Each structure stands twice: as C-alpha cells, then as structure tokens.
Amino acid sequence: MTVSDGKGGTTQGNVNVTVNDIPPVTLTIQKNGSGIVTSNPSGINCGRNCQMSVNAGTQVTLTAQAGPGQSFTGWSGGGCTGTGNCVLTVSANTTVQANFTQPSYANDIQPIWTANCAKSGCHTGASPAGNLNLSSGVSHGQLVNVQAQSSCTTMKRVLPDDPDNSVLWRKIIGATCGARMPLDNPSFFDTNTNLRDKIRSWIMAGAPNN
C-alpha cells in the first residue's frame with residue numbers, strides 16, 4: 001500500500017490508517033399543542049420537546065397523532081410541511097416543529113370544574129376537599145406541577161404532557177389514587193367522554209393556563 005508520508009513523499013508497505021468516527025447528529029422535536037410524535041427508527045416519543053441521536057444520513061419518519069378532540073395542523077422546520085408523515089434525511093442537527101390545536105383552559109376546562117367540582121362541600125371555599133380549590137381564578141395554580149397531598153403523594157396533581165402520571169387523570173378514570181372523582185357521581189366521565197377527552201388533551205398540550 002502506498003500512502004503520503006506528509007512530507008511530499010510516499011511510504012510503501014503495511015501502514016496503520018486511523019479513520020475518525022463521524023459524530024452522530026441530533027434530531028429535535030418541538031411540539032406545540034395537544035398530541036404526540038413518534039419516529040421510525042424509534043427514539044422520538046414526545047412530550048413538549050424531545051431529541052434523538054442518529055448517524056448522519058439516517059432517514060427518519062415522524063408520525064403525529066393529535067390528542068382527543070384535537071387536530072394536527074402541520075409540520076414546520078427540517079424541510080417538513082403538510083399534515084402527513086414527515087420523512088427526512090438527518091444530515092446535520094435538525095429541529096422540526098409539530099403543530100397541534102389545543103383546548104382553552106378558561107373556556108374548555110374551568111367550566112368542567114365549575115359545574116362538577118367547585119361546589120359546596122367539594123373543591124371550593126376556605127377548606128376545600130383534599131386542600132384542592134378548583135374555583136375559577138385559582139384552580140390552575142392548585143393543579144399544575146403541584147404535589148398530590150391526599151393520595152399518590154409521589155405524583156403531581158397534573159404533570160404537563162403526561163396525563164397517565166397525573167393524579168387528576170387517574171382519579172377521573174378510576175385508576176388508583178383513592179376515590180374516583182367526582183365523588184358524588186364516579187361514573188360521570190364515563191358518560192361524558194367529550195369532557196374527559198378535553199381534560200386529557202389539555203394535559204397533553206402541556207396544561208397551559210390559556
């Protein structure tokens with residue numbers, strides 16, 4: 001084998017050649033609104049933002065799924081557009097935005113609490129049940145990223161982007177964490193699935209105070 005000796009000449013014979021590894025590149029997903037993003041090959045399964053490292057030149061397919069009652073409005077960034085799957089070849093660090101609709105806390109979520117939870121003897125007043133006041137104007141601050149007190153105390157009442165690990169959601173569907181809510185009508189959300197879906201979508205959207 002003949003290679004350059006770096007001094008203008010050549011060297012013949014057995015030569016050890018070191019090939020530097022090409023560093024991986026990062027694909028970042030930024031999610032706006034209520035939904036999830038997954039990838040093939042696997043590695044992306046988003047809350048608000050998530051990343052995966054791939055070898056440069058890897059083709060990745062991104063799939064968006066809107067939260068219940070919401071819709072996917074399209075991709076932006078990374079050369080991706082439209083509402084179908086995003087297929088891109090990741091040759092450098094790349095950021096893609098996934099845009100979904102989302103429910104309004106003031107218009108969609110608070111009315112659920114007001115009608116079913118923030119009433120006499122429940123989650124309202126100076127001494128609300130479970131020390132949780134769901135009255136208008138204070139409910140959001142009592143829920144989001146607040147440690148649960150009466151049950152499942154290792155969890156948050158509402159963990160943004162993650163309904164399955166939010167005590168509020170578990171109480172609504174009856175998945176442990178004490179008594180199912182509303183206490184006076186535990187099957188309420190079984191027959192009012194549109195309201196249940198709004199709550200799940202709101203949490204999936206990052207539980208905004210909007």
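The points below take the basis of the model, then the helices, then the sheets.

1. Basis. This is a predicted model, in which local features need pLDDT of at least 70 and side-chain atom pairs count only at pLDDT 80 or more, while totals for chains, interfaces and linings use all residues. Residues are numbered from 1 along each chain as its sequence is written, and side-chain values use heavy atoms, with hydrogens and water left out. Helices (H or I, at least four residues) and strands (E, at least two) are DSSP runs, numbered from the N terminus.

2. Geometry of helix 1. The 12 residues of helix 1 (residues 105-116) should span 16 Å at 1.5 Å a residue, and the distance of 15 Å between its end C-alpha atoms agrees with this; the expected span is 1.5 Å times one less than the number of residues. At the start of the helix, a side-chain oxygen of Ser 104 comes to within 3.4 Å of the backbone nitrogen of Ala 106, which can be read against the definition of a polar contact as a pair of N or O atoms within 3.5 Å; within protein, one must be able to donate a hydrogen and the other to accept it, and residues adjacent in sequence count only if both atoms are side-chain atoms.

3. Faces of helix 1. Buried here means under 20% relative accessible area and exposed over 50%, with partly exposed in between (1.4 Å probe, protein chains only). Tyr 105, Ile 109, Gln 110, Ile 112, Trp 113 and Asn 116 are buried in helix 1. Seen down the axis, these buried residues fall within an arc of 150 degrees, so they line one face of helix 1; the arc is that of the directions from the helix axis to the C-beta atoms. The exposed residues Asn 107 and Ala 115 are on the face turned away from the buried side.

4. Asn 116. This residue of helix 1 is buried, with a relative accessible area of 13%. Its side chain reaches the backbone oxygen of Ile 112 at 3.0 Å. Leaving aside neighbours within four places in sequence, Asn 116 is in contact (heavy atoms within 4.5 Å) with Pro 182 and Phe 188.

5. Helix 5. Helix 5 (193-204) is among the elements that cover the buried residues of helix 1, and helix 1 is in turn among those that cover the buried residues of helix 5, as are strand 3 and strand 4 (35-40). The buried residues of helix 5 are Leu 195, Ile 199, Ser 201, Trp 202, Ile 203 and Met 204. After helix 5 comes Gly 206, with a positive phi near 100 degrees.

6. Four strands form an open sheet in the order 5-3-9-7, with mixed pairing; two strands pair if DSSP finds at least two bridges between them. Strand 5 (49-54) and strand 7 (72-76) are the edge strands, each pairing on one side only. Strand 3 (residues 25-32) and strand 5 run antiparallel and are joined by six bridges, and Thr 26 has Ser 53 in strand 5 as its bridge partner.

7. Six bridges join strand 4 to strand 6, where Val 37 stands opposite Ala 64, and five bridges join strand 6 (residues 58-66) to strand 8, where Leu 62 stands opposite Cys 86. Strand 8 (residues 86-90) has Cys 86, Leu 88 and Val 90 on its covered face and Val 87 and Thr 89 on its uncovered one.
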